[in-house]
Amino acid sequence: MWKTIKASRCAVAALGSVILAFGLYHVHSFSGVTEGGVLGMTLLLDHWLHLSPAATSFVLNAACFLFGWRVLGREFVVYSAVASLSFSVFYAIFEQFPPLWPQLYAMPLLAAVIGAAFVGVGAGLSVWAGGASGGDDALAMALSHLTHRPIEQIYLITDLVVLALSLTYIPLTRIAWSLLTVVLSGQIVGLIQRIPQPKGWQTDHKDA
């Protein structure tokens, strides 16, 4: 299996995580606009328990990937591990510096759009490379397999659950902006995922 792992795909997955970590720290964590899924949960834990997303994202993603191992296959997990580790490392680096745009808190619409762009492009590149920056994909696929429900319903449910929990520290109006950024980022991920991959990248991920 290791012979089929491509360095170029690992590099793209890591690049996506850098973009994602940058946007999550400089936009989401200071603007009051959150995300659903694992990303939103890391921000929730950061707020209430003061646990850095650099650590919680890795733990939560690892749990999701282990849960969905047999559904995703080993190659997918390898690329996802690269993306997840890259996210944790670069988020830890970024949080050593002050935010670039603290004024975004007063501009929730702009924060929602910019945040969606960073999340959508970052996560989209990792997905395009064959992995995932977060464990949302692994969790959604595993739950879809177990419950026999469409995967888009699983994504929607997990996002809504996290956004509902986020109401404990984010006003309802901010959650509305968060819902907007979730929808936009999902659309961007879908657009990037449909970009044709370079010749030789296509492999069968369900190899477990």
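**A surface patch and a helix pair**

Ile 93 is found in helix α5. The model described here is predicted. In this model, Ile 93 has a relative accessible area of 41%. That value lies between the 20% limit for buried and the 50% limit for exposed, so Ile 93 counts as partly exposed.

Two helices, α3 (53–67) and α5 (74–94), each supply at least two of the patch residues. The largest share comes from α5, with four residues.

A helix pair was examined next. Two packed helices are described by the angle between their axes and the distance between the axes. Helix α6 spans residues 108–129, and helix α9 spans residues 172–193. Their axes come within 7 Å and cross at roughly 30 degrees. The crossing of α6 past α9 is right-handed. The contact of α6 with α9 involves 18 nonpolar residues, six polar residues and one charged residue.

Ile 170 is found in the loop between α8 (151–166) and α9. Is Ile 170 buried or exposed? Its relative accessibility is 5%. Buried means under 20%, so Ile 170 counts as buried. Ile 170 and Met 107 lie 63 residues apart along the chain. Their C-alpha atoms are separated by 15 Å.

Key:
Residues are numbered from 1 along each chain as its sequence is written. This is a predicted model: local features need pLDDT of at least 70, side-chain atom pairs count only at pLDDT 80 or more; totals for chains, interfaces and linings use all residues. Side-chain values use heavy atoms; hydrogens and water are left out. Buried means under 20% relative accessible area, exposed over 50%, partly exposed in between (1.4 Å probe, protein chains only). Axes are lines fitted to C-alpha atoms, for helices over the stretch in contact, and angles run from 0 to 180 degrees between N-to-C directions. A crossing is left-handed if the near helix is turned anticlockwise from the far one by less than a right angle, and right-handed if clockwise. Ala, Val, Leu, Ile, Met, Phe, Trp, Tyr, Cys and Pro count as nonpolar, Asp, Glu, Lys and Arg as charged, and the others, Gly among them, as polar.
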